[in-house]
Number of protein chains: 6
Amino acid sequence: MARIDGRSADQLRPVTLTRQWLDHAEGSVLVEFGRTRVLCAASVTEGVPRWRKGSGLGWVSAEYAMLPRSTNTRSDRESVKGRIGGRTHEISRLIGRSLRAVIDYKALGENTILLDCDVLQADGGTRTAAITGAYVALADAVSWLRDRKLLKSEPLTGSVSAVSVGIIDGTPMLDLCYEEDVRAETDMNLVITGEGKFIEVQGTAEGAPFDRAELDSLLELGTAGCLELTKLQQEALS
Amino acid sequence: MARIDGRSADQLRPVTLTRQWLDHAEGSVLVEFGRTRVLCAASVTEGVPRWRKGSGLGWVSAEYAMLPRSTNTRSDRESVKGRIGGRTHEISRLIGRSLRAVIDYKALGENTILLDCDVLQADGGTRTAAITGAYVALADAVSWLRDRKLLKSEPLTGSVSAVSVGIIDGTPMLDLCYEEDVRAETDMNLVITGEGKFIEVQGTAEGAPFDRAELDSLLELGTAGCLELTKLQQEALS
Amino acid sequence: MARIDGRSADQLRPVTLTRQWLDHAEGSVLVEFGRTRVLCAASVTEGVPRWRKGSGLGWVSAEYAMLPRSTNTRSDRESVKGRIGGRTHEISRLIGRSLRAVIDYKALGENTILLDCDVLQADGGTRTAAITGAYVALADAVSWLRDRKLLKSEPLTGSVSAVSVGIIDGTPMLDLCYEEDVRAETDMNLVITGEGKFIEVQGTAEGAPFDRAELDSLLELGTAGCLELTKLQQEALS
Amino acid sequence: MARIDGRSADQLRPVTLTRQWLDHAEGSVLVEFGRTRVLCAASVTEGVPRWRKGSGLGWVSAEYAMLPRSTNTRSDRESVKGRIGGRTHEISRLIGRSLRAVIDYKALGENTILLDCDVLQADGGTRTAAITGAYVALADAVSWLRDRKLLKSEPLTGSVSAVSVGIIDGTPMLDLCYEEDVRAETDMNLVITGEGKFIEVQGTAEGAPFDRAELDSLLELGTAGCLELTKLQQEALS
Amino acid sequence: MARIDGRSADQLRPVTLTRQWLDHAEGSVLVEFGRTRVLCAASVTEGVPRWRKGSGLGWVSAEYAMLPRSTNTRSDRESVKGRIGGRTHEISRLIGRSLRAVIDYKALGENTILLDCDVLQADGGTRTAAITGAYVALADAVSWLRDRKLLKSEPLTGSVSAVSVGIIDGTPMLDLCYEEDVRAETDMNLVITGEGKFIEVQGTAEGAPFDRAELDSLLELGTAGCLELTKLQQEALS
Amino acid sequence: MARIDGRSADQLRPVTLTRQWLDHAEGSVLVEFGRTRVLCAASVTEGVPRWRKGSGLGWVSAEYAMLPRSTNTRSDRESVKGRIGGRTHEISRLIGRSLRAVIDYKALGENTILLDCDVLQADGGTRTAAITGAYVALADAVSWLRDRKLLKSEPLTGSVSAVSVGIIDGTPMLDLCYEEDVRAETDMNLVITGEGKFIEVQGTAEGAPFDRAELDSLLELGTAGCLELTKLQQEALS
């Protein structure tokens, strides 16, 4: 079955990871999954949030947001509305959890790394692009700390990437663009380590509930996609 | 391996579903999973949200909240803080999606059913208890509409229940209480139809990433647990 | 004149005070005045608000809220609206003031007791039920402190209960249910000590202004009602 | 017993009611109770709030606020804090209710009169000064409507004034200034019609609970004070 | 060309500066530019904002607000809306900057002076009246500090006043009232020291863009107006 | 005198205007003034704000914001803080006013063009870069409307650009970078039409007040700079 943009079912969109896109941030990556474009900036600060002070442990968190005209139809700014929406909260939390899964807090020491993931243009898969790009920005921020001898030992215990998968007209497909995402009966986001283990599995039946066989095929497709993204991350960082 | 409360690894906590706990609501259930106690109230209103008007289709959504002293340590009220937290948003959205998966909007007609799930006491699994109880309150609200001849046809296309599963010290366990939840390396919430198909699969590595074999064992344990809950829902409704 | 529910003019609705309704709170009471049902939870914390630190004096305060479907027609959550309404503020302050009237701050020491009064079901008199129940939860929280030897001396200087009275079609009546409350020309809430002294007198002409004779008859009716509630509190606590 | 400012126990502070203090408002009064100074502005608008449309009935409401430096120590602005405090809400509601008690909605027709009561300087009794002044501004706004032939019949069914009373060192006193208010064991605000009937009775034990005899003496003192204020209102309006 | 109120093009409205309008504030001025009436209150507090602590330097800032019925049509309160509008922010910042331009932070020592400028009645030029009046209140607050020997040396390095100018039907005019302000093609606010130097120049083309010659004529008109205001300030303070 | 980056006093930083940087927006420009980088997106919607409906006139407005890590030190998101700061409000209003100065509302018809100006990287002059880039995005959005025959006549009555000027160590300089901006004694932003007329003149003494001669030199320097920017805009659009 041909996809909208001519890809095969198990093919990623063209992915680019442009490091050092910003001059000020300790790590920064412009990540593109096709037309989806997310700017990931890592900010290092000495110290940790209050509830963690004196523990000797570091902290990593993330904030996700979309520019108002990143989408086809303009959305109101959350700053203007005066409150952050549920979707934004949910994705910020997901990115933070995903990155923390490969961090050794003790090795990081009492430092905080905050990842800002701002969607400049959205065409499906913004949260998975954000995680994939944020990992690279995080790695650069860790290098920045290492170069300044601010680390006791290596805080990165592995790498992390993410991809969406979905079932469209009965066919499991990898890395959905917006048009596909809207049509998908089932939609799943997978966050996976460089060694192919799961950090997050989030599957949702948008239409009919899905059975175990469908779930299995999505898990396989997504795992393969993430391993490809892992390679692209390694190339970008080398 | 013995569990804190003496259960076996694949055993649910005592579950009760008390219908008509409130006098005003079109459907209401006090659901208990052990010491976790959630009050689910279904409110029927004629009409649908603005963006759906004139479509002939109904709508179902949910709001989740915790009483400040439902937990061991008191939490500040979100009304006092002036904003709803990310976790509250996330769970409200999950409950809504889960219930909509078994609703035929056309049969519901332009009516809205809103499920309020207020946690009176929390001991782990509040979101899964809420979904399990809210389904029963939803069914009662649908009956209320049916009794008043306000439905074209049957809007419920199936039933839905939910349960948490997790891996503790390497052992997959069903329906975690708070103390187990805190200790779990991996934590998964499953929302499943009465026929055993998946509506939501949300797994998170809290500690080490998990592999495919662990994921498979959790899926099986949770599916079995949900089918038990389905039976309890059927009994409550009959 | 017969009342809607068959009571005589000077008769309370059936009142129940169920202690230890919650497992976590230092004191908790489910109070029922007829169909009005309020969950009162007392939370003890060491220390006092910033403006009171170092004074050697304790603090007691209260927060009141209604579940969205406690009423006949669902109300929007104040957390969703992002602000607390005037009525909620007013009642929270009233409950706090009422309880503080029977507290010896010095004997309490630098401890804070916060009373959460959440209306699960509303049928008139929610604020008076809340005060009556909260006193019992407060007494339990004080016992909790006493049992742990955290008190210098007895902080409770008396007991407190509350009831509504009103004039309907010219007749003064005790403990109005919602339907009566709506019809009342004059509405008064009385907060009274166990010894029959006044803590709060809040009378409002909803229709025509009232004269001194009417005021006097309401004060007598309410005082008698509160003394009955005092007995029920003593029974519950013994 | 001599009072701080030399008054006798049953004596009001010097009261002035300056009409037309503003050029734009349909009614405006600068009311002074001693050093307490409140600017009351009445705004007339055609139409009523949405929930009242088509009823043929008018509406009157009020908003109370304090300038940040009206008090001895500067308070933060509620606009800066982003939320209105409980005390502000409570007093706004009280003023609105008090004025509505002397309004015939039908005679007013579908017009709204909003009373803004802004405290320019506070020295105790701001809410009672606000009610007393707002009544005069309201009367002027009604005249404004009458002059333009916008009224069916007379909407004012009476006049309203308010005063505080309290017990200090065992002595009941009228119209407390700030310093007295702070020292009062019992504090009561009375809102009374020009004919001496009660609209609101709000008594609070700040220290020890008060008995019926004390309550009676306060009611008498306040009633007399209000009747004096009524005369001053009549003079101002004539 | 005759102006609405009969003034010549280069004539100020009648200006009054009434000092000590409030009893509590360390400095207070009721400033009137014609019908525009602004209450300026200076509040002195020991200490400085957190970001300035330990620097040995003082701080001056300002907050501007309009009473809801200061204008011809009532505006909603910003406290009720829960957020401060852009215009309010902008003017508060302008007043603060203008006053800070004549303050020697070192001489002030670690003290803060906050100027509250509340518009009681608005008829154009509220921000320029506010700056002109706030300077006098600031001078009084500085005297208050001086009298209490709380200053190292003189913190006031000069005086500051402000006026609006505009072009109406091609004619440059001084100190616009509201009706003129609405009709002006170009509108400029000038903040000038007592010695005629510029602190702020804010010109805006409301209609057609303006050329250099027009800009020059406005600068001259405004400078002359401010020097007149300077004299009135000196008289008020002497 | 040599500038930090080797420029002469009257020299702009390298300026680029990259059109069509986004796929969805009706006009979009990435504008760079040296390291300052602002993404300007124009969104066209049919219809106008409520207060303008039925007038036959169009509307143009703008929203400005900074990404949290656009600056050297990360700033908190305004969406997280729940309120928009004064500076953001001020600049959004300035951009909107500047663009409206070259719009014929009648020719635009009842259409709205909203310009989102998001600062991706900040190094001084973000508001002037935003205005300069937003004009180009606006021109593209107008072309988009023209191509779809949605315009009655030409709504653009001219072009607009903006630049900052300032006095550093006594020398007037054009287009300040961040480091220069911080050191400037006087700071001015000029918004000028393609024909060299003034739309906005905003000068502020950051240190000592400035005299007329200094003001004149800044006006000349800025005017020349804007005419250069006008040429770059014309090239970009041709």
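## The sheet of chain B

In this predicted model, B:A42 stands opposite B:L115 in β5(B), and the two strands concerned, β3 (residues 36-46) and β5 (residues 111-121) of chain B, run antiparallel and are joined by 10 bridges. Strands here are DSSP runs of E with at least two residues, helices are runs of H or I with at least four, both numbered from the N terminus, and two strands pair if DSSP finds at least two bridges between them.

The open sheet to which they belong has 5 strands in the order β1-β2-β3-β5-β4 (chain B), with mixed pairing. At its edges are β1 (15-19) and β4 (59-66) of chain B, each of which pairs on one side only. Helix α2 (residues 86-100) of chain B packs on this sheet and touches β4 and β5 of chain B, at about 145 degrees to β4(B), where contact means heavy atoms within 4.5 Å, and angles run from 0 to 180 degrees between the N-to-C directions of axes, which are lines fitted to C-alpha atoms, for helices over the stretch in contact.

## The sheet of chain F

In chain F, an open sheet of 5 strands has the order β1-β2-β3-β5-β4, again with mixed pairing. Its edges are formed by β1 (15-19) and β4 (59-66) of chain F, and because each has a single partner strand, one side of each is left without a neighbour in the sheet.

β4(F) pairs with β5 (residues 111-121) of chain F in the parallel sense over 8 bridges, and F:W59 stands opposite F:T112 in β5(F). Helix α4 (residues 126-147) of chain F lies across β1, β2, β3, β4 and β5 of chain F, and runs at about 35 degrees to β3(F).

## Aromatic rings

Rings of Phe, Tyr and Trp (its six-membered ring) pair if their centres lie within 6.5 Å, and planes under 30 degrees apart count as stacked, over 60 as edge-to-face and the rest as tilted. Over all chains the count comes to 21 aromatic pairs. The rings of C:W51 and C:W59 have centres 4.9 Å apart and planes at 85 degrees, so this pair is edge-to-face.

The charged end of A:R52 sits over the ring of A:Y105, 4.3 Å from its centre, which requires CZ of Arg or NZ of Lys within 6 Å of the ring centre and within 35 degrees of the ring normal. A:Y105 also forms one aromatic cluster with A:W51 and A:W59.

## How to read the values

Residues are numbered from 1 along each chain as its sequence is written, while chains are lettered from A and ligands numbered from 1 in the order in which they are written. In this predicted model, local features need pLDDT of at least 70 and side-chain atom pairs count only at pLDDT 80 or more, whereas totals for chains, interfaces and linings use all residues, and side-chain values use heavy atoms, with hydrogens and water left out.
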